[in-house]
2 protein chains.
Amino acid sequence: MPRLPDALLADFDAGKVPALARAVSIVENHREGYDALLGKLHSRTGRARRIGITGPPGAGKSTVTALLVANYRNAGLKVGVLAVDPTSPFTGGALLGDRVRMEAIALDSGVYIRSMATRGSLGGLAAATREVADVLDAFGFDRILIETVGVGQSELDVARTADSTVVVLVPESGDAIQTLKAGVMEIADIFVVNKADRPGADRLRNDVELMLGLRKGISFENTPGHHGVELKRANPAKVARDAAATESDSWTPPVLSAIAREGKGIQELTDALDRHFAYLERTNTLGERRRERTRERVMELVESGFRRRVWSDEETQHTLEQMLPDIEKRSTTPFNAAEQILEKSARLMSKPREKGH
Amino acid sequence: MPRLPDALLADFDAGKVPALARAVSIVENHREGYDALLGKLHSRTGRARRIGITGPPGAGKSTVTALLVANYRNAGLKVGVLAVDPTSPFTGGALLGDRVRMEAIALDSGVYIRSMATRGSLGGLAAATREVADVLDAFGFDRILIETVGVGQSELDVARTADSTVVVLVPESGDAIQTLKAGVMEIADIFVVNKADRPGADRLRNDVELMLGLRKGISFENTPGHHGVELKRANPAKVARDAAATESDSWTPPVLSAIAREGKGIQELTDALDRHFAYLERTNTLGERRRERTRERVMELVESGFRRRVWSDEETQHTLEQMLPDIEKRSTTPFNAAEQILEKSARLMSKPREKGH
């Protein structure tokens with residue numbers, strides 16, 4: 001276990017894509033040594049911008065993602081794509097009809113595409129995504145695009161691991177508005193109404209803006225940001241520097257239009273993402289978001305470390321199995337059983353390697 | 001805290017619906033004393049049949065659920081409904097256009113409808129659903145219907161808490177087949193193709209049966225069950241007793257047709273559910289599923305107990321906050337930080353009340 005990451009790291013540092021692929025596999029599947037590997041990569045992370053692309057199935061997330069990749073490549077940036085969506089063409093093996101071509105591009109280490117398994121990650125999908133994104137970040141990608149379907153709690157948690165989150169909607173997704181209410185509105189930094197030439201697009205834009213509270217009959221200058229933060233008068237120089245800044249330094253998610261299949265609206269999205277990142281940096285929201293992400297990361301590791309120790313311990317397994325029939329006979333309760341296991345778990349909390357001392 | 005559940009329990013035992021509603025609230029929101037309450041209710045659980053109704057948004061899950069409720073009421077059974085779906089009419093405040101009427105029915109304690117919040121349940125949605133279902137079970141409901149949208153990991157986990165799981169599909173849900181691949185197939189005990197008079201219904205039935213492996217050119221007699229279990233020749237008397245049993249005593253999920261809006265196909269679904277439950281009992285699959293559920297329940301309680309102890313501890317919070325800047329400066333890693341917190345957590349594993357001794 002200690003030598004594997006070292007050999008791997010040399011190739012990884014040399015920018016070799018097979019080493020990247022191997023590192024991602026080790027981390028994604030939590031193979032032996034994955035934590036040591038991530039620990040070593042940690043000092044190289046923090047440079048990439050992480051962008052979440054979410055929305056209901058069929059909204060065109062993959063097309064938007066592919067076009068963003070092309071835009072960033074034209075600007076000379078390296079791009080990693082994590083597809084965390086079982087219905088994504090990325091996952092299904094096709095990107096704009098040709099995954100092979102994309103993988104050929106990936107060989108020049110300018111683009112790397114990886115689909116994430118959406119099941120079986122006991123530690124949680126969001127944790128796994130964050131870890132793989134860390135690997136891509138350490139490898140030197142400038143942008144990491146995380147595509148995830150915007151329905152379901154774990155999927156929203158995935159979106160929350162990004163610096164900026166784009167929500168893609170289509171006029172047909174009438175039901176989507178219902179779904180949006182269940183969490184997506186709060187995580188959106190930018191909305192894209194895709195297939196904007198179809199009937200209902202104006203209505204959808206209107207609905208989203210209504211939900212954002214922009215059209216409640218309150219004049220714009222006095223509207224607090226959607227996070228409920230009070231407005232402050234901003235330095236006019238700042239406003240000039242950033243055309244999208246409102247008079248305050250709060251962020252109001254723009255509602256953009258796009259026809260992704262024709263490439264329309266993608267430059268506007270790229271620009272909005274740049275403005276959003278500038279806003280995050282200017283207001284130190286980036287620092288706060290990343291601090292929160294680091295906190296969640298440590299908490300996840302503490303909890304998964306506990307789970308690994310307690311459930312791999314044979315004595316605990318034995319105690320658990322012995323108590324199950326009693327619980328079923330109602331002679332004890334699940335709470336009492338859990339309490340006993342917790343009390344006995346204290347001895348498992350020191351580092352396993354210390355057992356030998 | 002110790003007296004509250006006792007007073008509540010007397011009313012609960014007397015079958016008073018306000019006591020039920022209060023018990024559900026205490027448990028759903030993990031208010032103080034919820035664990036003592038659940039512990040006391042534990043001996044009364046285990047009688048209800050739990051039925052999961054899942055499927056993509058718009059498949060008609062709520063209509064199917066409402067009609068099942070009516071069927072069970074006609075048979076004199078008490079029914080609890082847990083709606084764990086942000087897009088469900090149950091949750092939105094309307095059941096077949098009239099939630100008030102349903103709540104009036106609920107006052108005779110024959111039907112009780114409760115929508116579950118799908119966010120903010122830190123211990124997990126599945127755990128919260130199971131706990132509330134335990135409360136309904138203890139109150140004496142014969143059937144507990146759990147309606148959940150079949151997209152997303154946490155939602156699938158919810159479905160997994162049921163004895164029998166019904167997956168509702170509609171011809172329009174072409175994309176749904178993709179989604180199905182991501183986990184729904186494995187949890188389905190019964191399929192219902194709803195809106196079966198619409199174009200594409202036969203195609204959908206066909207697709208589902210293909211995915212079930214029934215039509216792969218292998219003759220039916222030699223096809224193993226979808227769990228990959230080998231067939232055994234069964235007692236012919238059993239087959240006669242149960243018209244739906246295949247020659248083996250494995251269960252092949254039937255693919256039923258329904259037009260729920262017209263009430264068509266619901267009796268067939270009710271019958272199939274009875275057959276499935278008979279199968280579960282006959283083969284002791286019920287015992288195994290409930291054993292597995294008890295095991296998961298204890299594991300959840302151990303893990304949530306750990307989380308509560310470690311994250312509510314001020315010293316741990318302080319340690320965590322102090323380490324975050326070092327992690328950001330890359331002078332330590334999230335893994336080292338987690339290790340330190342885990343080692344220090346051992347002292348928190350004995351019961352909090354023992355502190356006073």
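A residue is called buried if 20 or more other C-beta atoms lie within 10 Å of its own, exposed if 12 or fewer, and partly exposed in between, with C-beta atoms placed from the backbone. This is a predicted model, in which local features need pLDDT of at least 70 and side-chain atom pairs count only at pLDDT 80 or more, while totals for chains, interfaces and linings use all residues. Residues are numbered from 1 along each chain as its sequence is written, and chains are lettered from A, with ligands numbered from 1, in the order in which they are written.

**View 1. Asn284(A) sits in a loop between helices α12 and α13 of chain A.**
The loop joins α12 (266–282) and α13 (285–311) of chain A; helices here are DSSP runs of H or I, at least four residues, numbered from the N terminus. Most residues other than glycine have a negative phi. Asn284(A) isn't a glycine, yet its phi is positive, about 60 degrees. Asn284(A) counts as exposed because it has 11 C-beta neighbours inside 10 Å.

**View 2. Arg330(A) is another non-glycine with a positive phi.**
Here phi is about 65 degrees. Look for Arg330(A) in the loop between α14 (314–328) and α15 (334–345) of chain A. With 12 C-beta neighbours inside 10 Å, Arg330(A) counts as exposed too.

**View 3. Domain 1 of chain A meets domain 2 of chain A.**
An automatic or database assignment sets the bounds: domain 1 is 1–44 and domain 2 is 46–212 + 253–283. Eleven residues of domain 1 are in contact with 13 of domain 2 (contact: C-beta atoms, placed from the backbone, within 7 Å). On the domain 1 side, α2 (17–28) and α3 (34–41) each supply at least two residues, and α2(A) gives the largest share, six.

Definitions and conventions. Two residues are in contact if their C-beta atoms, placed from the backbone, lie within 7 Å.
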